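Subject: Two-chain model for you to look at

Dear colleague,

I am handing over the structure we spoke about, and my notes on it follow below. Please read them with the coordinates open.

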Amino acid sequence: MFNYNFRWAQAMASLPRMLEGALVTLEVALLSMVIGISIAIVLTLFRLSGSRILSAVAATWVEIARNTPALFQIYMVHFGLGGFGIHLSPYLSLLIGIAFNNAGYLSENFRGALKGIPETQTRSARSLGMTPIAAFRYVVMPQMLRISFLPMTNQMVWAILMTSLGTVVAMNTDLYGVTSDLNARTFRTFELFAIAAMIFYLITKTVTLSARLLAARLFRY
Amino acid sequence: MFDTALTTNDLIFLARGAGVTLIVTAIAVFFGTVMGIVFGVFRYQVGPWWAAPLTFVLDIFRSIPLLIQLVLANAFVTTVLGWRVSGFTVACGVLSLYTAAYCAEIVRGGIEAVPPTLRRAARSLGLSWGQDMTSIVMPLAVRIALPSWIGLALGVMKDSALVYVVQVVELLKSAQILITRLQEPLFLLIVCGSFYFLISFPIARFGGYLERKWSRD
């Protein structure tokens, strides 16, 4: 049917290396989520703080993260910071770039979630003698994280997909990097990238499914 | 930082890259939206079981990095099928399908948000399916879907930065080429980032405004 010799066996022989790459991809995505969520919580606190400067910092972060391409952000971390004499490894640049992006989007999700939590709860917590931080930590934050659990899962999928952008900073240990390295050596572009696509699909599906199961278990009541 | 070796020709080169970004985005958003509406209405109309194959295919576009979609499509069209197709065409095709996959979801959400009783009332007043769709569902669904659609269009513009992988020189790639030559990464990246920001930010704000305005009444 096609005037093209598929060599799946040859490409499949590289599967172990690609799976190793997939682990790196997952690692970067997970770390970027952990960092992203932590920063997003801090940015949310900045917005709640009432301080103009802190709110402006948070707003600037969110708007830049949401209104420029993720590719640009990773580029900026790697080559932009390079202009200041800060040279990061591809791995770190990718991780910081994705974490920056995650933090921006998640902070916006958290802000949306906060709208669903009545202000009166904070006030009752405060009148029970809790400090503002304790009220946020024990009353508001758990609900906020629960409401934004689904958006967080989506962001995790985004983070996994974004790891492929590491190629612009010469990252070659993640799934995309490994695949394009193999491609440069064997030129079995279609077969190799089809396998990579399959692995990506399986990873994202596993993540969404397990998140759904986790949500059903965590939020039963 | 402002002492730059950038010449007028380089600026024209950058502007051309920006033009390519906008053209690719416009084409992808146009065709993606048309396909997305068709897919979305189809998915709603036939129910989850019959639409399962379509849902599966559209889901693939949302579960695989766009970069890989572009590389795969390019390899498939040029080496497997052996067609002589430009990278620009491949880029537009892949981005359109990518947009359609997300748009179908938005359209379906919009239609589902229209109260079924309202539609039944319309049908019982003698409106045909087409009339119900165009004069009852559409005005209401558009209100719900438009803010997300604006977000999608902006997302596509940002994602269009990836088409460099099929040899399309868009804004970020042209900046990269200039960086390699001029060695002024910070300045060029800021110029390039500002371009994206200046287009995306006002439109995103407008989308947020519409969302707030329409959720009030």
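In chain A, the helices α6(A) and α7(A) are oblique to each other, and I begin with this pair before turning to the rest of what is a predicted model. Helix α6(A) covers residues 119–127 and helix α7(A) residues 132–147, and the two pack with their axes 9 Å apart at an angle of about 125°. Because angles from 65 to 115 degrees count as roughly perpendicular and those over 145 as roughly antiparallel, the pair falls into the oblique class. The crossing of α6(A) and α7(A) is right-handed. On the α6(A) side the residues that meet the partner are A:Gln121, A:Thr122, A:Ala125 and A:Arg126, while α7(A) brings A:Pro132, A:Ala135, A:Val139 and A:Val140. By class, this contact is made of five nonpolar residues, two polar ones and one charged one.

From α3(A), A:Glu63, A:Ile64, A:Arg66 and A:Asn67 take part, and they meet B:Tyr196, B:Phe197, B:Ser200, B:Phe201 and B:Ala204 of α8(B). This contact holds five nonpolar, two polar and two charged residues.

That crossing leads on to the contact between the chains as a whole, which takes 31 residues from chain A and 29 residues from chain B. On the side of chain B that touches chain A, at least two residues each are supplied by α2 (52–63), α3 (66–80), α7 (171–182) and α8 (185–216) of chain B. Helix α8(B) provides the largest share of that side, with 10 residues. In composition, the side of chain B that touches chain A has 23 nonpolar residues, five polar residues and one charged residue.

Taken by itself, chain B has eight helices and zero strands, and along its principal axes the C-alpha trace spans about 70 × 45 × 25 Å. Of its 217 residues, 39% count as buried. Among contacts in chain B between residues at least 6 apart in sequence, 78% join residues at least 24 apart.

The C-alpha atoms of B:Leu162 and B:Gln176, which are 14 residues apart along the chain, are separated by 13 Å.

I have also set the UniProt annotations, which come from unreviewed entries, against the model. For chain A, UniProt gives "transmembrane region" for residues 22–46, 156–173 and 193–215. Residues 22–46 of chain A are 100% helix and 0% strand, with end C-alpha atoms 35 Å apart, whereas residues 156–173 of chain A are 39% helix and 0% strand, with end C-alpha atoms 20 Å apart. For chain B, the UniProt annotation of that name covers residues 20–42, 54–77 and 185–206. Residues 20–42 of chain B are 100% helix and 0% strand, and the end C-alpha atoms lie 32 Å apart; residues 185–206 of chain B are likewise 100% helix and 0% strand, and there the end C-alpha atoms are 32 Å apart.

The UniProt annotation "domain: ABC transmembrane type-1" is listed for residues 22–211 of chain A, and an annotation with that title covers residues 18–207 of chain B. Over the stretch in chain A the model is 82% helix and 0% strand, and the end C-alpha atoms are 19 Å apart. Over the stretch in chain B the model is 85% helix and 0% strand, and the end C-alpha atoms lie 23 Å apart.

With best regards

How values were computed
Residues are numbered from 1 along each chain as its sequence is written. Chains are lettered from A and ligands numbered from 1 in the order in which they are written. This is a predicted model: local features need pLDDT of at least 70, side-chain atom pairs count only at pLDDT 80 or more; totals for chains, interfaces and linings use all residues. Two residues are in contact if their C-beta atoms, placed from the backbone, lie within 7 Å. Helices (H or I, at least four residues) and strands (E, at least two) are DSSP runs, numbered from the N terminus. Ala, Val, Leu, Ile, Met, Phe, Trp, Tyr, Cys and Pro count as nonpolar, Asp, Glu, Lys and Arg as charged, and the others, Gly among them, as polar. UniProt positions are given in the numbering used here, feature names are shortened, and annotations may be inferred rather than shown by experiment. Axes are lines fitted to C-alpha atoms, for helices over the stretch in contact, and angles run from 0 to 180 degrees between N-to-C directions. Angles under 35 degrees count as roughly parallel, over 145 as roughly antiparallel, 65 to 115 as roughly perpendicular and the rest as oblique. A crossing is left-handed if the near helix is turned anticlockwise from the far one by less than a right angle, and right-handed if clockwise. A residue is buried if 20 or more other C-beta atoms lie within 10 Å of its own, exposed if 12 or fewer, and partly exposed in between; C-beta atoms are placed from the backbone.
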